[in-house]
Amino acid sequence: MSELLMTASSLKKYYEVKVQSVFSGGKSKEVVKAVDGVDIEIGKGETVALVGESGCGKSTLGRLLINLISPTDGDVVFKGESIYGLRGKHDKAFRKDASIIFQDPYASLNPRMKVKDLIGEPLLTHGMTNAKERYEKVSELMKISGLKPEYANRYPHQFSGGQRQRIGIARALALNPSLIVCDEAVSALDVSIQAQILNLLKSLQKDYDLTYLFISHDLSVVRYISDKVYVMYLGKIVEYGDPKSLYTDPKHPYTKFLLDAVPIPDPSQRNREKMILEGDIPSAINPPSGCRFRTRCPFATDKCKQEIPEIIQMEHRGYACHYPL
Amino acid sequence: MSDVLVINHLKTYFKTKHGMNPAVDDISLRLQMGKITALVGESGSGKSMTAMSILGLIPKPSGVIMPGSEILFEGKDLTTLKEREIAKIRGNKIAMIFQEPMTSLNPVYTIGKQLTEPLRVHQKLSKQEAKKIAISYLEKVRIPDPEKRFNNYPHQLSGGLRQRVMIAMAMICEPKLIIADEPTTALDVTIQAQILSLLCGVQKDLDTAILFITHDLGVVAEISDTVCVMYAGQIVEQADVKTLFDKPMHPYTKGLLKSLPRVDDDVTELYSIKGMVPNLIHLPKGCRFASRCPEATAICHQEIPPREMVSRDHEVFCWLPRKEVSNV
């Protein structure tokens, strides 16, 4: 295993929500446990994927890891230092070293800014005040990301979805970060464009020695791009491992259900044996006791109701289940 | 096999201030009883507009169905029907399921009220009769506690349950044809798997035809019988599902299949189709895919390709099959 770049330990993020009854006006406080005790290790130069269904807490976790939001509890160590204790120029240095690409290329670019200013903004914030120098760097970044530098004076609406995502990538690369969080970075794109962007991300990783945290709900994409996969369910990691063993031999029933649910573009596999998961993901306000997956798990017993399963470590992988497959 | 709906040379154009946009440009296809036909393509390829044309829901006055287009259903040409006549068919003999169950259900009416509406309007049933049928359909789509759900409002249901309600609503008048426009795109994979298996089940029970619109080739492979691949307003390849995935002929179909990451296999390098879809208002001469096509030759940039039947039920809109013949 390569050198560790980032370690998160017992990371928690709780949100308090005030619920007011429409009729009685009575107020009550509830706690949403969006991320509830997560440990993650990200090696230098790796692509680590975080997969799960909507509402499982993967985006919240991504934001915690680059200090866009502060945790309720737990810590994240990046290059040997806790990121939450950083102040002043140390904090600024961290924000230079860790950036993010968002899902929606329509919403994440300010429509009133030209591309050169969008990509140039992080450079300006971090002290590159010479406009000429900055635009040279912007041109270079545009070239790297597969955009024509002649388009620097255009506005985001003049680009297609795929090109906009390239602008987002150029902006994320601007400060030579070592870590980039890709939050559903290809989910909004058509397949032919998605393949272009995935390949671009891969080649940039090689050229610039980047580490990715790749957040996605798409298990096929994750298998293609990642070196290590964490599967999340209701704020907790249920299983992790290298993609090959995780995909061919899942230990946690949820992982198995998730994999079985993915449609395979091959009609001859239509009648393959697959397990279909019943029911919906429960609310994170009152998650089930014990194992959070037990309400939907066909193998659950009383033990799953009473005891929270701890992560069982194996070589290169781990899972949190009382009755692994 | 009997045809439920036949589309001949459908052209749906939109007037814009920059010129005519041929969103659907000369499409012909047949939907057969008891079969699922997938219409697959990327955003802007015209698949949803094909569905809207069938249902007479093209936004007017900017959208126009051009003369020469035919949509034949039970001996009538839907393109010539008056709004009142088509309203009798819509939701009754041709039903639809949309992508976003949140926005296609009315938030201020109960599930029950919306479910019984087609029965009350089309079949003139009494409230009590309609309620009985509605609850039996809620059971059919496996909604737990249907009596209680009948009185729920849409916001009280999860996304998966809402889509089940949409399916029940589509089935309730026992339509000849269901048009499903990206019905599982907004759902998580595990919920998508539930909904797809449900949809296949009800389709077998009712023996209806389904036009299934999607951008996801995985879903196509899982459920459809025949497939039409759309690109820039045209159908570029049409075949039964096995042929399309085993022996794709059109370079666009081939490219799409090669650019899919796989959950069941390790892929080291994804193929990517270069460039992007041409602007429909300023279309190139010749084949619309030529500028992105790795196999294009001079003729592809000059002349519109022929519709070639390469085998029974396998049609390709491409110059390649002809070139291969002349090479032999």
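Helices and strands are DSSP runs, of at least four residues for helices (H or I) and at least two for strands (E), numbered from the N terminus. The model is predicted. The points below cover backbone geometry, aromatic rings, charges over rings and a helix packing.

**Backbone geometry**

- Most residues other than glycine have a negative phi, and most peptide bonds are trans.
- B:Arg142 is not glycine, and its phi is positive, near 55°.
- With a relative accessible area of 49%, B:Arg142 is partly exposed.
- A:Glu184 also has a positive phi, near 50°, and is found in the loop between β7 (179-183) and α6 (191-208) of chain A.
- Buried means under 20% relative accessible area, so A:Glu184, at 8% relative accessibility, counts as buried.
- B:Lys60 and B:Pro61 are joined by a cis peptide bond, with omega about 5°.
- B:Pro61 belongs to the loop between α1 (47-55) and β4 (63-65) of chain B.

**Aromatic rings**

- Over all chains, a search of the whole structure finds 10 aromatic pairs.
- One of the pairs, A:Phe78 with A:Phe94, is edge-to-face, at 5.2 Å centre to centre and with 75° between the planes.
- This pair links distant parts of the chain, 16 residues apart: A:Phe78 is in strand β4 (residues 73-78) of chain A, and A:Phe94 is in helix α2 (residues 88-97) of chain A.
- Both A:Phe78 and A:Phe94 are buried.
- One aromatic cluster is formed by A:Tyr233, A:Tyr254, A:Phe257 and A:Phe293.

**Charges over rings**

- In chain B, B:Arg307 lies over the face of B:Phe317, at 3.9 Å from the ring centre.
- In chain A, A:Arg134 lies over the face of A:Tyr135, at 5.5 Å from the ring centre.

**Helix packing**

- Helix α3 (residues 115-125) and helix α4 (residues 131-144) of chain A pack at an angle of about 115°, and their axes are 9 Å apart.
- Angles of 65 to 115 degrees count as roughly perpendicular, and α3(A) and α4(A) are therefore roughly perpendicular to each other.
- The crossing of α3(A) and α4(A) is right-handed.
- Among the residues that make the contact are A:Ile119, A:Leu123 and A:Leu124 of α3(A), and A:Arg134, A:Tyr135 and A:Leu141 of α4(A).

Terms used: Residues are numbered from 1 along each chain as its sequence is written. Chains are lettered from A and ligands numbered from 1 in the order in which they are written. This is a predicted model: local features need pLDDT of at least 70, side-chain atom pairs count only at pLDDT 80 or more; totals for chains, interfaces and linings use all residues. Side-chain values use heavy atoms; hydrogens and water are left out. Rings of Phe, Tyr and Trp (its six-membered ring) pair if their centres lie within 6.5 Å; planes under 30 degrees apart count as stacked, over 60 as edge-to-face and the rest as tilted. Buried means under 20% relative accessible area, exposed over 50%, partly exposed in between (1.4 Å probe, protein chains only). A charge sits over a ring if NZ of Lys or CZ of Arg is within 6 Å of the ring centre and within 35 degrees of the ring normal. Axes are lines fitted to C-alpha atoms, for helices over the stretch in contact, and angles run from 0 to 180 degrees between N-to-C directions. Angles under 35 degrees count as roughly parallel, over 145 as roughly antiparallel, 65 to 115 as roughly perpendicular and the rest as oblique. A crossing is left-handed if the near helix is turned anticlockwise from the far one by less than a right angle, and right-handed if clockwise. Contact means heavy atoms within 4.5 Å.
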